[in-house]
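Thanks for coming, everyone. I have one structure to walk through today. Please take a look at it first.

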Amino acid sequence: MNDTVSTTARLWRWTAKNGVSWFFVTIDGEAGEELSATEAMRRLELGRKPGFRSLKVEARIGETVWQTSCFPRDEGGWMLPVKAPVRKAENMSEDDRVAVTLRAV
């Protein structure tokens with residue numbers, strides 16, 4: 001199990017029925033499998049499930065580092081939410097490919 005993973009993925013937008021948009025990067029492939037293994041080990045260690053099977057991480061895109069949670073996708077992989085201050089600091093727009101490093105905390 002590796003507690004740090006890196007990948008490059010597309011920034012995408014999800015819009016709720018009320019019109020509010022959230023931006024995410026999908027962590028899948030080998031990086032997604034590593035996150036799944038880390039989440040499974042943490043769940044076994046803690047003996048319980050955190051909310052939504054989420055995994056707390058320290059995320060880095062460019063020079064911006066923040067703490068958040070990744071959430072599992074039904075179709076596999078994980079979703080990393082990317083808030084407006086991060087997108088602004090790193091000059092990111094929808095559909096940009098971004099390099100992400102995640103460390104489980």
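A word on the ground rules. This is a predicted model, in which local features need pLDDT of at least 70 and side-chain atom pairs count only at pLDDT 80 or more, while totals for chains, interfaces and linings use all residues. Residues are numbered from 1 along each chain as its sequence is written, and side-chain values use heavy atoms, with hydrogens and water left out.

Overall fold. The chain has 2 helices and 6 strands. Helices (H or I, at least four residues) and strands (E, at least two) are DSSP runs, numbered from the N terminus. Reading from the N terminus, the order is β-β-α-β-β-β-α-β. The radius of gyration is 14 Å, close to the 13 Å that the globule rule gives for 105 residues, so the chain is as compact as a globular protein of that length. That radius is taken over C-alpha atoms, and the rule is 2.2 Å times the number of residues to the power 0.38. Along its principal axes, the C-alpha trace spans about 40 × 30 × 20 Å.

How much of the chain is buried? Of the 105 residues, 36% count as buried. Buried means under 20% relative accessible area, exposed means over 50%, and partly exposed lies in between (1.4 Å probe, protein chains only).

Now the core. A nonpolar core is a set of buried Ala, Val, Leu, Ile, Met, Phe, Trp, Tyr and Cys residues joined through side-chain atoms within 4.5 Å. The largest one here has 22 residues, and among those touching the most other members are Val 25, Leu 35, Val 82 and Leu 102. Elements giving two or more residues to this core include β1 (4-15), β2 (21-27), α1 (29-46) and β6 (97-104). β3 gives the most, with 4 residues.

Stay with Val 82. Val 82 sits in the loop between β5 and α2 (84-89). It is buried, at a relative accessible area of 2%. Beyond neighbours up to four places away in sequence, Val 82 touches Leu 11, Phe 23, Phe 24, Val 25, Ile 61, Arg 87 and Met 92. Contact here means heavy atoms within 4.5 Å.

Next, helix α1. It has 18 residues and reaches 26 Å from first C-alpha to last, close to the 26 Å expected at 1.5 Å a residue. That expected span is 1.5 Å times one less than the number of residues. Which residues of α1 are buried? They are Ala 31, Gly 32, Leu 35, Thr 38 and Glu 39. Seen down the axis of α1, they fall within an arc of 120°, so they line one face of the helix. The arc is that of the directions from the helix axis to the C-beta atoms. The face turned away from the buried side carries exposed Glu 30, Glu 33 and Leu 44.

Over to strand β2, where we find Thr 26. Thr 26 is buried, at 12% relative accessible area. Its side chain makes a polar contact with the side chain of Trp 12 (2.8 Å). A polar contact is a pair of N or O atoms within 3.5 Å; within protein, one must be able to donate a hydrogen and the other to accept it, and residues adjacent in sequence count only if both atoms are side-chain atoms.

Last stop, backbone angles. Most residues other than glycine have a negative phi. Asn 91 has a positive phi, near 55°. Asp 95 has a positive phi too, near 80°. Asn 91 lies in the loop between α2 and β6, and counts as exposed at 67% relative accessibility. Asp 95 lies in the loop between α2 and β6, and counts as partly exposed at 47%.
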